[in-house]
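Okay, everyone, thanks for coming. Let me put the structure up, and then I'll walk you through a few spots.

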Amino acid sequence: LKAAEDRSYGLMKNLYVDQSEIQKLVILHKQIAGPSGPDPYETACTWLKDNREIWSAWVPDKTLCPEGRGLVDANGQLVLDRSQAVECATCPAGHTSEKSEGTRVCVQCCWAKKPSVLKHGWPMLAMKCT
């Protein structure tokens, strides 16, 4: 569900239709009206079919991973290279999400060999783990 939320937000953030395109859409809506009047679903479907170059730019790339997620291949295996990835997945336990080449990847947490002590006296057993 989180992935759907991220992609929906990305779609809405990217969505842009200029005034001239809206005017074309209104004209199209009137042109394809049937005997019972204009059908908004038919208009929308026709516009989508005819304007893929416009709306495809709104759809977020499946390999642009948000925080907490990283690149995976078609088998769901973690990958570090975007060219091998098909989408993003939640990083598994023991991994953290780090920025890499405009996206995020899941990397194994760096466990300290010996606990160190932070300023406030708390032991630090792991670094970069979420």
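First, a word on burial: I call a residue buried under 20% relative accessible area, exposed over 50%, and partly exposed in between, with a 1.4 Å probe and protein chains only. Bear in mind that this is a predicted model, where local features need pLDDT of at least 70, side-chain atom pairs count only at pLDDT 80 or more, and totals for chains, interfaces and linings use all residues. Residues are numbered from 1 along each chain as its sequence is written, and side-chain values use heavy atoms, with hydrogens and water left out.

So, the tryptophans. Trp58 is buried, at 12% relative accessible area, and Trp47 counts as buried too, at 9%.

Rings of Phe, Tyr and Trp (its six-membered ring) pair if their centres lie within 6.5 Å; planes under 30 degrees apart are stacked, over 60 edge-to-face, and the rest tilted. How many aromatic pairs does a search of the whole structure find? One. Trp47 and Trp58 have ring centres 6.0 Å apart and planes at 20°, so that pair is stacked. Trp47 sits in helix α3 and Trp58 in the loop between α4 and β1, so the pair ties together parts 11 residues apart in sequence. Helices (H or I, at least four residues) and strands (E, at least two) are DSSP runs, numbered from the N terminus.

Now the hairpin. Strands pair if DSSP finds at least two bridges between them; β3 and β4 are antiparallel, over six bridges. Thr96 stands opposite Val107 in β4. With two residues between the strands, Glu101 takes a positive phi near 50°.

Last stop: Cys110, in strand β5, is partly exposed at 40% relative accessibility.
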